[in-house]
Amino acid sequence: MQKKNTIGRRELLRRVTGYGAATVGLLVLGSSAGCGGEDEGPNCNDTSGLNPQQQSTRSSLGYVAVSPHGAQKNCANCNFYTAGGANQCGSCTLLPGPIASEAYCNSWAAKA
Ligand code: SF4
């Protein structure tokens, strides 16, 4: 008697869920390793390298990561901003630490 080359429903389910779990695991690993987005840029909100006084200066001037004025008024078009290199944060002559081009603070001044 010839044996059928088929699998049962139980085996099919086990295989499908096994592959599904492996796929989900790989996706999670890929995303946590930072392998995936073209829109990933530098983290200009990381102020862990600043001392408390420098961090206080940032907050006292009302630095926010995204300007409430949109592209009309943001760091990119502020007189005190210097753009960073490719995939790097910019800097500011008034505020210490990394500065995002789309950020804003209360000392914004139009580029001269
Ligand atoms: S002064 Fe404020 S708005 Fe201007 S670049 Fe510095 S942080 Fe950005």
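## Close-up views of a predicted chain

**View 1. Following the chain from start to end.** Read along the sequence, this chain runs in the order α-α-β-β. That gives two helices and two strands to look for, and the model you see is predicted. Of the chain's 112 residues, 16% count as buried. Among contacts with a separation of 6 or more, 68% join residues 24 or more positions apart.

**View 2. The largest nonpolar core.** This core has 14 residues. Cys75, Ile99, Ala100 and Ala103 are those with the most contacts inside the core. In soluble globular proteins, nonpolar side chains tend to be buried together.

**View 3. A closer look at Cys75.** Setting aside neighbours within four places in sequence, Cys75 is in contact with Tyr81, Gly90, Cys92, Ile99, Ala100, Ser101, Ala103 and Tyr104.

**View 4. Ser48 in its loop.** Find Ser48 in the loop that lies between helix 1 (9–32) and helix 2 (52–60). Is Ser48 buried or exposed? Ser48 is exposed, because 8 other C-beta atoms lie within 10 Å, and a residue with 12 or fewer counts as exposed. Although Ser48 and Gly97 are 49 residues apart along the chain, their C-alpha atoms are separated by 9.3 Å.

Terms used. Residues numbered from 1 in each chain as written. Predicted model: local features only at pLDDT ≥ 70, side-chain atom pairs only at ≥ 80, totals over all residues. Helix = DSSP H or I, 4+ residues; strand = E, 2+ residues; numbered from the N terminus. Buried ≥ 20, exposed ≤ 12 C-beta atoms within 10 Å, placed from the backbone. Contact = placed C-beta atoms within 7 Å. Core = buried A, V, L, I, M, F, W, Y, C linked by C-beta atoms within 7 Å.
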